[in-house]
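This report goes through a structure in sections, from confidence to single residues. Please have the sequence and the model open while reading.

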Amino acid sequence: MEIAFLIEKVAVVVILFVVTLTIAAYSTLAERKIAAFLQDRVGPDRAGPFGVFQPLADGGKMFFKEETTPNGANKWLFIAGPSLALLTSFLGSAVLPWGQPIEIFGRIVPLQVADINVGILYIFGVVSLGVYGLMIGGWASNNKYSLMGAVRGASQNISYEIAMGLSIIALLLVTNSLSFKTIAEQQHGWHWNFLYQPFGFLIFLVCSFAETNRVPFDLPECETELIGGYNTEYSGFKMGAYMFSEYINMFVASAVMATLYFGGYNYPGMDFVNELLGPTWGPLIGVAVLFAKILAFIFFFMWVRWTVPRFRYDQLMNLGWKILIPLAIANIVITACVITIFDKL
Amino acid sequence: MESLSGRKKVLEQKPMNFWERIYLPAIFKGMGITFMHMFKKKETTFYPEEEREFSENWRGMHSLKRDENGKERCTACGLCALSCPAEAITMISAERQKGEEHLYREEKYASVYEINMLRCIFCGLCEEACPKEAIYLDGPIVPSEFLRKDFIYGKDKLVEISITELEAQKGVLS
């Protein structure tokens, strides 16, 4: 019994790890393809049909490039930066439910690595840890541009984490739970939280753009102002680790948004499908639906990247502190009032 | 002041209204525009497989011309090298010997004629400077190489193929 439990957990972890890596790798290709399509080009199409082997070629290139360390760099922190960035970006996916419990060989296997009852707090902790990788890397490079990028990244993440947390509080008033599993189960069928918290979702979306350092909030790594920002001095696989962690962050952020606001693995008519296909294939359809939502969000991230120009730094801070935080607080108050009134009725 | 040309336009700077200030409608409009571009015709030319059409006065690789009898036109006067702003052309002249009249049109010819294609900027001034109409930039794109020395083109690559050789090649083919 214990061994079976161990095997099923290890299997879930390994599958999740591989899927995350694959999606992150192919996000790099998707980004270039989407950028090309939005600009009337075709994008990379030489490595294999439609360029499907491009991530492998890129990875090989990264691997064989020379790794340089600047003279004045702090050697240990210079290595610790990208490692930490990669590590923290992987941690987030541990608490997300990827589907309903699935029946395999007579055992009910929950498609979640760890169902902790403070899952949302855990995600927030991991997300705030993510900035350390960026911060340490930028500081250890002994480069003024990198330091500027790191400082920008840190202040940006802190500012937007507040608004993000406040938008989540309004959601928690609706769900009454911090566990991702419970939140996902509550959204059964079409009871998606987006319908109850559209405004909170909008704030959360903007903040997650800022948290993942994506355009229009990619100030820590803007090339025109900071010649690359915190990763200016990085080359070879360390640079690859930073890039990879950015795409994994994007994947995890998409998964969190899909789970919190867009029903996770739930879809209209899921009970009917589950009865039709049985306890093994039914939940798998749910997993496919969840991944479709995640990929849609990733597309949205990229779509925005190739549409909207970057914010100026003071505009970024104005938006975060003077607009998003008051709006999020107003959202909490209104949500609380509405819930109280409905409870009294 | 009154504009004399009548073309002056005064930029109107109205304060933004509410929908402009919340910024999101503008973003969604822009995203709509970029999304429509996904379905437009792609501008890409797949270069090695298909070549773009060049304009008629396009300047490509140089060729040293022969006259109607298949003799080399170049007399190694050096005007092309002199006119070259990129210092890409060098040559060594030689005197025509007895029995070489069918090869070279005049008494002097270029025994070595080299163009460094990495230096060349394809401005066409050599073509304009040539009094003998011996050099023209009417070739294809200069192909890429791995070594710098391979970009120095000698007479073997530059001189136009002679009629007899052309016929010999055709004979081999047919």
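Helices and strands are named here as DSSP runs, a helix having at least four residues and a strand at least two, and they are numbered from the N terminus.

## Model and confidence

The structure is a predicted model. Its scores are ipTM 0.74 and pTM 0.79.

For chain B the mean pLDDT is 86, with 98% of the residues at 70 or more. Among the elements of this chain, the highest mean pLDDT, 92, belongs to strand E5 (residues 152-153) of chain B, and the lowest, 73, to helix H6 (residues 163-173) of chain B.

## Strands of chain B

Strand E2 (residues 89-95) and strand E3 (residues 108-116) of chain B run antiparallel and are joined by seven bridges. Within this pairing, B:Ile92 lies opposite B:Val112 of E3(B).

E3(B) also pairs with E5(B), again in antiparallel fashion, through two bridges. Here B:Ile115 is set opposite B:Tyr153 of E5(B).

## Contact between the chains

Eleven residues of chain A and eleven residues of chain B are in contact. On the chain A side, the elements that contribute two or more residues are helix H1 (2-38) and helix H11 (270-305) of chain A. By class, that side of chain A consists of seven nonpolar, two polar and two charged residues.

## Helix H5 of chain A

Helix H5 (residues 144-175) of chain A contains 32 residues. From first C-alpha to last it reaches 45 Å, close to the 46 Å expected at 1.5 Å a residue. A:Asn176 follows H5(A), and its phi is positive, near 60 degrees.

## Positive phi in loops

Which loop holds A:Asp40? A:Asp40 sits between H1 and helix H2 (54-64) of chain A. Its phi is near 60 degrees, a positive value in a residue other than glycine. A:Asp40 has 14 other C-beta atoms within 10 Å, so A:Asp40 counts as partly exposed.

In chain B, B:Glu87 belongs to the loop between helix H3 (79-83) and E2. Phi of B:Glu87 is near 55 degrees, and this too is a positive value in a residue other than glycine.

Terms used:
Residues numbered from 1 in each chain as written. Chains lettered and ligands numbered in written order. Predicted model: local features only at pLDDT ≥ 70, side-chain atom pairs only at ≥ 80, totals over all residues. pLDDT = per-residue confidence, 0-100. Pairing = 2+ DSSP bridges. Contact = placed C-beta atoms within 7 Å. Nonpolar A, V, L, I, M, F, W, Y, C, P; charged D, E, K, R; others polar. Expected span 1.5 Å × (residues − 1). Buried ≥ 20, exposed ≤ 12 C-beta atoms within 10 Å, placed from the backbone.
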